[in-house]
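Thank you all for coming.

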Number of protein chains: 2
Amino acid sequence: MTEKKIPYKIYLEEKEIPTSWYNMRADMKEKPAPLLNPGTLQPMTKEELAGVFCDDLIDQELNDTDAFIPIPEEIQEYYKTYRPSPTVRAYNLEKALGTPAKIYYKFEGNNTSGSHKLNSAIAQAYYAKKQGLKGVTTETGAGQWGTALSMACAYFGLDCKVYMVKVSYEQKPFRREVMRTYGASVTPSPSDTTAVGRKILAEHPGTTGSLGCAISEAVEAATSAPGYRYVLGSVLNQVLLHQSVIGLEAKKALDKYGVVPDIIIGCAGGGSNLGGLIAPFMGEKLRGERDYRFIAVEPASCPSFTRGKFVYDFCDTGMVCPLAKMYTLGSGFIPSPNHAGGLRFHGMSPILSQLYHDGFMEARTVEQTSVFEAATIFAQYEGILPAPESSHSIRAAIDEALKCKETGEEKTILFGLTGTGYFDMLAYEQYNNRTMHDEIPSDEDLKPSLNAIPAFPGNE
Amino acid sequence: MTEKKIPYKIYLEEKEIPTSWYNMRADMKEKPAPLLNPGTLQPMTKEELAGVFCDDLIDQELNDTDAFIPIPEEIQEYYKTYRPSPTVRAYNLEKALGTPAKIYYKFEGNNTSGSHKLNSAIAQAYYAKKQGLKGVTTETGAGQWGTALSMACAYFGLDCKVYMVKVSYEQKPFRREVMRTYGASVTPSPSDTTAVGRKILAEHPGTTGSLGCAISEAVEAATSAPGYRYVLGSVLNQVLLHQSVIGLEAKKALDKYGVVPDIIIGCAGGGSNLGGLIAPFMGEKLRGERDYRFIAVEPASCPSFTRGKFVYDFCDTGMVCPLAKMYTLGSGFIPSPNHAGGLRFHGMSPILSQLYHDGFMEARTVEQTSVFEAATIFAQYEGILPAPESSHSIRAAIDEALKCKETGEEKTILFGLTGTGYFDMLAYEQYNNRTMHDEIPSDEDLKPSLNAIPAFPGNE
């Protein structure tokens with residue numbers, strides 16, 4: 001192995017952007033369980049899914065045999081406008097921590113959506129356009145996915161209808177305006193534009209909404225208007241497939257300098273970033289070529305991996321979506337207020353759930369105040385103001401680096417820095433003012449939603 | 001000249017980051033006029049400036065003979081954490097406009113300060129640290145400069161006191177929190193922490209402050225506390241010197257592909273970005289080696305170049321700073337509300353003023369609504385959500401590209417994209433809601449402040 005001076009930022013050339021996505025499922029001996037029709041409890045067929053999702057995306061959702069799926073040229077062209085993203089050596093953070101560990105991060109925040117979400121948004125918009133659709137619908141909570149999708153739709157000239165949880169719509173007006181600037185229509189949910197919205201408004205006047213309700217409205221809006229389909233920014237197999245560009249680029253960048261990570265760390269909400277980052281490395285592990293430690297980091301307030309059950313459950317609170325086998329806290333689980341909006345999901349990607357179940361990765365929880373402490377250290381030494389979601393992996397990376405400081409081990413750590421925190425300054429303000437609290441559910445708190453998961457076949 | 005396929009983004013390698021700044025003054029036959037002591041009306045000496053500014057920065061301020069000034073290694077190291085910045089070919093914008101013009105932009109917004117301001121902030125913080133100072137003071141309006149300085153001070157372990165115009169402090173709480181996250185103390189101005197602040201508060205209770213007042217407070221805070229100096233983010237010669245990294249990188253990137261711009265466009269507030277972008281190109285023009293068209297774009301609401309006088313004037317409303325010979329609307333000029341906070345300065349860099357006076361560059365004004373129209377087009381096709389300031393140059397670049405569409409000329413246009421608009425969404429909201437207005441001062445509006453400029457020696 002040749003010793004080259006490693007730059008702060010390893011940028012690949014444009015021609016080194018991956019031209020195929022990598023599909024982990026092809027290398028998994030235990031495949032993730034199929035989505036089930038909640039009515040028949042049989043695996044969802046392509047025909048059943050076609051009313052809701054785009055045709056090509058359904059093929060990708062169901063494909064667990066092809067390891068590489070070519071990225072269409074139109075998507076490659078768009079990737080060139082903001083990729084390759086840098087793989088950064090955290091020299092300044094290492095120095096500040098006084099650790100012998102070598103820390104790298106793959107930074108996905110240098111685009112206007114502020115996160116990795118654009119990698120899948122542009123793919124989903126492309127397939128919708130290719131199918132001749134008029135537009136797509138989706139829901140958004142924190143707003144990064146909605147922003148990414150509105151950017152992608154502006155590029156392909158698609159209509160974009162975003163249902164935004166009402167409390168976020170009102171508290172995050174800037175995110176809303178970014179989406180509007182990209183031509184999206186943004187509706188606070190629940191709204192009177194759908195039957196389900198009207199029903200909820202009648203039953204709960206004055207409600208500030210929920211992600212589950214916004215999903216139900218977006219699905220209804222897609223299925224009731226000709227030429228529309230519903231798209232989703234996480235959890236699904238297709239999304240992890242698209243996000244594999246993160247890991248493929250990171251691996252190529254590290255390979256250039258002969259760097260092999262010992263530990264790979266990512267935050268886990270629905271799993272899109274973590275699944276994308278680890279993909280090619282996990283492939284090597286699945287094929288028995290090389291071992292890595294993978295660590296999923298989740299908020300202590302929403303601990304799907306670490307305190308959930310691995311069973312079939314609904315993906316949405318409204319119980320309109322297919323059933324997925326995953327680590328879940330129950331679709332009725334409502335996490336306590338936590339600023340990492342992107343990690344507040346009761347379930348987890350079925351692919352990652354299977355890998356965790358089979359012992360291919362670890363998971364841990366971190367508490368919010370310690371996450372913001374890590375975020376602030378990172379900002380001051382590495383310059384980038386991280387998103388609260390991303391800061392979960394920063395926390396774990398710092399903790400691993402400090403362990404190395406104790407033991408003297410020179411481990412190489414790679415973590416995913418999914419995005420920037422420019423629209424999360426209310427949370428930073430709470431932290432700066434020392435008014436932020438940790439809220440960890442007790443076992444009693446978790447019991448009701450866990451116990452409410454129906455006894456679907458296969459659920460022990 | 002070899003024809004190479006030009007990528008979307010031309011990234012230089014880390015080792016290609018400039019190691020010297022370029023000082024335009026060395027190649028100017030007519031040097032910019034010196035700063036004058038407002039009491040004696042004699043050129044400010046190093047000794048007189050030393051109470052306010054850092055020693056090495058004064059040397060740079062006064063140096064109009066050395067063409068290249070080496071960048072200290074510590075600053076080069078920090079530059080590596082966020083530079084080189086990309087030079088981008090706007091393929092998608094060209095296609096959308098249907099123009100034969102080739103459009104490039106140098107993007108300086110991919111760092112947490114959100115703009116080019118960090119290039120000078122890190123340099124100024126370094127020299128303060130080198131001098132053994134405890135900290136620095138400054139004022140900020142829109143907040144980009146304050147953010148950049150707080151990042152730089154966090155890196156070098158310096159105390160950072162920012163006086164933020166009270167109305168911005170209240171209306172832009174997120175910017176304030178970014179600065180606090182980087183450890184800066186942020187004080188709304190006017191405040192009771194300075195004599196001048198207390199005086200203004202007594203005379204004008206309930207005032208929401210002004211940049212002029214914040215400058216006066218920051219200068220007082222620097223000169224009254226041992227171990228502090230005052231630093232400034234624009235206008236000064238030293239700032240243009242530091243910002244020359246923008247142009248040096250852009251030129252190196254274009255040279256790689258044999259691209260020579262015909263027109264170079266930048267927005268102009270105090271002149272820091274424009275002066276930095278054009279520096280090496282202007283050097284060639286000054287030395288008679290090659291001709292370029294340079295266009296300064298200013299808001300119609302604050303037209304220093306196009307409707308101001310080229311005379312000695314105060315740089316601040318409080319009249320505590322040295323006099324500078326520059327295009328000015330008078331230090332009493334208060335621009336009508338305009339969201340491009342970074343362009344709301346009554347004066348202009350003395351270097352750029354001299355170059356404009358001597359016919360080396362052009363200037364034009366653009367109106368706010370047309371600026372946001374350009375910003376929205378740019379966002380939708382190029383993906384990046386631009387800052388209102390930067391969007392002034394986008395407007396002019398689009399206008400020039402549309403002229404090429406009419407004439408069929410294949411001109412090459414380079415413009416400066418100074419930053420991102422994530423903290424400017426209130427302005428985008430006004431534009432999206434069609435409630436934004438253009439407010440252009442009449443000649444009668446300009447007269448009072450223009451006429452109030454004192455008859456300093458040399459002022460015609």
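I will talk about the contact between the chains and then about the cavities.

This is a predicted model, in which local features need pLDDT of at least 70 and side-chain atom pairs count only at pLDDT 80 or more, while totals for chains, interfaces and linings use all residues. Residues are numbered from 1 along each chain as its sequence is written, chains are lettered from A and ligands numbered from 1 in the order in which they are written, and side-chain values use heavy atoms, with hydrogens and water left out.

Let me start with the contact, where 40 residues of chain A and 40 residues of chain B take part, contact meaning heavy atoms within 4.5 Å. The area buried between chain A and chain B is about 4000 Å², and carbon and sulfur atoms give 55% of that; buried area is the accessible area (1.4 Å probe) that two parts lose on being put together, summed over both. On the side of chain A, the residues that lose the most area to chain B are Phe174(A), Thr181(A) and Tyr422(A), together 17% of what that side buries.

Between the two chains there are 2 salt bridges, a salt bridge being a side-chain nitrogen of Lys or Arg within 4 Å of a carboxyl oxygen of Asp or Glu. Arg176(B) forms a salt bridge with Glu429(A), and their closest N and O atoms are 2.9 Å apart.

Now to the cavities, of which the structure holds 12 of 30 Å³ or more. On a 1 Å grid over the protein atoms alone, a cavity is a set of points where a 1.4 Å probe fits but cannot get out, and lining residues have an atom within 4 Å of a point. Grid points are joined across faces, edges and corners, and a volume is the space filled by probe spheres set on the points.

How many residues line the largest cavity? There are 33, and those nearest its centre are Phe107(A), Asn110(A), Ile384(A), Asn110(B) and Asn111(B). The volume of this largest cavity is about 340 Å³.

The second largest cavity has a volume of about 200 Å³. Its lining has 22 residues, and Thr81(A), Tyr82(A), Asn110(A), Lys9(B) and Ile384(B) are the closest to its centre.

Terms used: 1 Å grid on protein atoms, 1.4 Å probe; cavity = no way out; pocket = protein on both sides within 12 Å on 5 of 7 lines; lining within 4 Å.
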